[in-house]
Each structure stands twice: as structure tokens, then as C-alpha cells.
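Please read the points below next to the coordinates.

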Amino acid sequence: MRKLSSAILGLSMLLSGTALAEPIKVGMITTLSGGGAGLGVDIRDGFLLALKQAGNKDIEVVVEDDAQKPELAVQIADKMIQSDKVDILTGIVWSNLAMAVVPGAVAQDKIYISTNAGPSALAGEKCSPNYFNAAYQNDNLHEAVGNYANDAGYKKAFILAPNYPAGTDALTGFKRFFKGELAGEVYTKVGQTDYAAEIAEIRASGADSVYFFLPGGMGIAFMKQYSQSGVDIPVMGPGFSFDQDVLAAIGDAALGVKNSSHWSKDLDNAANKKYVEAFKAEFGRIPSLYATQGYDAANLILSAATKASIKDKDAFRAALKEADFDSVRGKFKFGNNNHPIQDIYIREVIKEDGVLTNKIVATSFTDHQDAYASECKM
């Protein structure tokens with residue numbers, strides 16, 4: 001196997017509080033280099049913060065960088081399973097990497113807990129008792145904006161996303177709930193940074209709104225170019241396109257943009273308030289949605305590990321399914337396909353104390369379940 005470029009991080013937490021039923025080794029495969037590095041860093045930081053707060057030495061975490069390459073992610077997963085002997089895998093940001101890694105991992109009876117990627121196949125026909133998603137199903141946030149667009153009175157939307165599984169899921173989700181017509185539907189290249197042609201198409205389309213899903217650096221490039229183009233058509237997006245990890249890079253062009261999320265720093269519950277303050281104190285920045293999903297995933301594992309031994313897979317899976325932890329989202333439960341049933345909000349980008357951030361302005365869905373649960377035969 002080629003030499004892996006990333007460092008391996010082994011963590012032992014100081015013991016306090018409730019001991020776990022059995023020590024656990026977690027393998028985190030995430031993106032720590034390249035254009036998507038900020039997303040993986042946030043997932044890692046949120047996950048490790050939850051373990052630090054729990055103060056439990058019985059969980060060891062091995063972290064490696066997938067460099068956003070599916071073939072490398074598969075190599076790392078194989079190494080973690082066969083050599084590192086991890087009990088649980090987690091951390092993948094991107095859906096194409098998840099589709100490369102997860103089916104093989106769960107087939108080897110390893111538990112995988114998603115901190116972000118939620119491709120439709122893993123929620124539906126390829127669901128597994130060993131696969132839990134602590135984030136969302138890919139379509140969910142896009143469905144919420146499609147629903148909101150109706151309430152906002154939009155009748156003709158131009159939609160675009162990258163041509164990979166999460167991109168197709170995104171636009172499928174938006175269209176599932178949007179009742180108007182489409183002025184255009186475009187799939188861009190993954191990693192694309194020049195959107196002049198797409199913006200020209202939007203300008204000429206007669207659209208009254210634009211919905212895009214372009215994660216990481218792609219969305220930053222699009223928004224900067226869109227703002228400079230002078231096109232005056234309202235833009236909407238999913239929360240991760242206007243989340244804390246990218247807002248500073250987009251700048252004031254993001255002000256006023258409506259976006260969807262199952263979490264926001266202003267959610268009024270005790271767990272969220274504690275988390276936001278702790279994250280800011282630990283890392284000197286406001287947490288992002290990615291960090292939050294990492295944080296909840298770690299607390300999910302901790303909640304199960306206090307009830308069951310990882311050596312008893314049936315009992316441990318049942319404990320995970322209970323989701324008996326204080327989610328920073330407030331309500332959180334798993335559906336039949338081990339994906340969240342949760343509320344999804346509409347946020348608006350604002351400036352608070354000179355810093356771009358989001359505030360909740362509406363609730364798009366309450367207790368929302370993904371569209372693929374009925375295809376899951378568990």
C-alpha cells in the first residue's frame with residue numbers, strides 16, 4: 001500500500017464520570033488537506049471536543065486524511081479495519097467517498113457512524129444495521145429550501161449542483177418540494193472554480209430565484225463571482241453552503257441569504273448553549289454545522305458505550321438506535337433506516353458583532369424523515 005500522507009492521531013482522554021462498558025477504538029477518515037480541509041477539521045474538532053468534555057480515557061481515536069480521494073479513503077479504511085483493529089469508523093465528509101468505503105466496512109461487521117455524508121442509497125436499498133447517520137440524509141436540507149421557496153412566493157427557480165452523488169441528491173430534494181417551474185438545471189464539475197458560463201445562463205434564464213449546492217471552495221468561488229456579476233436574482237442554499245466555515249471567505253455577498261439547517265448556534269436549549277461556548281473557548285471560533293455533527297456523533301457513541309459493550313454488536317447497535325443523548329439540535333431520533341428524524345430550519349445570514357453568522361427565521365419541517373426510508377428493508 002502507498003504511504004499515507006497524513007499523521008495518525010491517538011488520543012487518550014483523562015478518566016472521569018461514567019466508565020464505558022468496554023474500551024472502544026474509533027477510526028476517523030476525514031478530509032484534512034486540499035480545498036475541503038476545513039470541513040474535515042471541523043468534524044474532527046467537534047468530535048474530539050465531545051470526548052474531552054466527557055473526560056473518558058476508554059475511547060481511542062485514530063485520525064487520517066483522505067485528501068478527498070475515494071481510492072485513498074478505501075486504503076485507509078482497509079488499514080484501520082485489518083491492522084488498527086478499529087471498532088467503529090466515522091468522519092467522511094463526501095458522499096462519493098462514503099459510497100466507496102461504507103458498504104465494504106459494514107459488510108465486515110464494522111459499525112459506521114456518519115458525521116456528514118448521507119447518500120440516498122445508504123438510506124434506502126443499501127441501508128444496514130451497522131450504518132448510522134448522525135447528520136442528515138443528503139436530500140433533507142435541499143427539500144427544506146424547496147419547501148421554503150414556495151412560502152417565499154418563488155415561481156421559477158434556477159438550480160445547480162456538482163455532478164456527484166450529493167449533488168444529484170441535492171437537486172432531487174429541492175425539486176421534490178418546490179411547486180414552481182425550473183428556469184434551468186445544471187450539474188457542474190466537482191472542484192470547479194470558474195462559474196462565468198453558469199452565471200451567464202442564470203442571467204438569461206428569466207429565473208426569479210437561484211438555488212445552489214456547491215460545498216466548500218466551490219460555493220465560495222460561485223458566490224464571489226455571482227456578487228461581482230451584478231445579477232440581481234435572490235440566492236438560496238443549504239446550510240453548509242452558508243455555514244460558519246465559509247462565511248468569512250464569502251464576505252458580505254452572503255448577507256441576507258436564506259439557507260436551511262437542522263442546527264443553528266441560536267437554538268435555545270441547554271446542550272447547545274454549553275456546546276457553542278465550549279467550542280469558542282477551545283478553538284477561538286464559532287462552530288460550524290460540520291463541527292456540530294461531529295460533536296453529536298461522539299456523544300451518540302458515548303451514550304451507547306455506557307450501556308453496552310462494543311463486543312456485543314447487537315446490544316451496542318440497539319443502544320445506538322436509542323439515541324439517548326442530549327443533542328445540541330434538541331429533538332433527535334432515528335428512523336427505521338438509522339437516519340435522523342428531525343426539525344429543519346430556515347436561517348438568514350446576518351452580521352453579529354462584526355462577524356458573519358446565521359439566525360433562525362423560520363421552521364421549514366418538523367420531525368422530518370427522508371424520502372428513502374420506505375426502501376430500507378431493516
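1. The model is predicted. UniProt, in an unreviewed entry, places the feature "domain: Leucine-binding protein" at residues 23–350.

2. Disulfide. The structure has 1 disulfide, formed by Cys127 and Cys376 with their sulfur atoms 2.1 Å apart. The pair joins distant parts of the chain: Cys127 is in the loop between α4 (120–123) and β5 (131–133), Cys376 is in the segment after β13, and 249 residues separate them. The angle about the S-S bond is 90°, and the link of Cys127 and Cys376 is right-handed. As for accessibility, Cys127 has a relative accessible area of 15% and is therefore buried. Cys376, at 6%, is buried too. In general terms, such a link is a covalent bond between the sulfur atoms of two cysteines.

3. Aromatic pairs. The structure holds 18 aromatic pairs. One of them is formed by Trp263 and Tyr275, in an edge-to-face arrangement with 6.1 Å centre to centre and 70° between the planes. This pair links distant parts of the chain, with Trp263 in the loop between β10 (258–261) and α10 (270–283) and Tyr275 in helix α10, 12 residues apart. Trp263 and Tyr275 are both buried. Elsewhere, ring pairs join Tyr195, Phe212, Phe222, Tyr226 and Phe242 into a cluster.

4. Backbone at Ala67. Ala67 is not a glycine, yet its phi is positive, near 55°. Ala67 is in the loop between β2 (59–65) and α2 (70–82). Its relative accessibility is 22%, so Ala67 counts as partly exposed.

5. Backbone at Asp353. Asp353 also has a positive phi, of about 55°, without being a glycine. The loop that holds Asp353 runs between β12 (340–352) and β13 (355–368). Is Asp353 buried or exposed? Asp353 has a relative accessibility of 79% and therefore counts as exposed.

6. Second largest pocket. The volume of this pocket is about 200 Å³. Its lining includes Met223, Tyr226 and Ser227, together with Gly230, Val231, Asp232, Ile233, Pro234 and Val235. Ala253, Leu255 and Val257 are also among the lining residues. Helix α8 (residues 217–229) gives the largest share of the lining, 3 residues. By class, the lining has 9 nonpolar, 2 polar and 1 charged residues. Tyr226 lines this pocket and also belongs to the ring cluster of point 3.

7. Cavities. How many cavities of 30 Å³ or more does the structure hold? The structure holds 2. The largest cavity has a volume of about 110 Å³. It is lined by 16 residues, of which Asn116, Tyr136, Tyr164, Ala166 and Phe213 are the closest to its centre. By class, the lining of the largest cavity has 11 nonpolar and 5 polar residues, and no charged residues. The lining of the second largest pocket, by contrast, has 1 charged residue.

Conventions: Residues numbered from 1 in each chain as written. Predicted model: local features only at pLDDT ≥ 70, side-chain atom pairs only at ≥ 80, totals over all residues. Heavy atoms only, no water. UniProt positions renumbered as here; feature names shortened; annotations may be inferred. 1 Å grid on protein atoms, 1.4 Å probe; cavity = no way out; pocket = protein on both sides within 12 Å on 5 of 7 lines; lining within 4 Å. Points joined across faces, edges and corners; volume = space filled by probe spheres on them. Helix = DSSP H or I, 4+ residues; strand = E, 2+ residues; numbered from the N terminus. Nonpolar A, V, L, I, M, F, W, Y, C, P; charged D, E, K, R; others polar. Phe/Tyr/Trp six-rings, centres within 6.5 Å; stacked < 30°, edge-to-face > 60°. Buried < 20%, exposed > 50% of the residue type's maximum accessible area, 1.4 Å probe, protein only. Disulfide = S-S within 2.5 Å.
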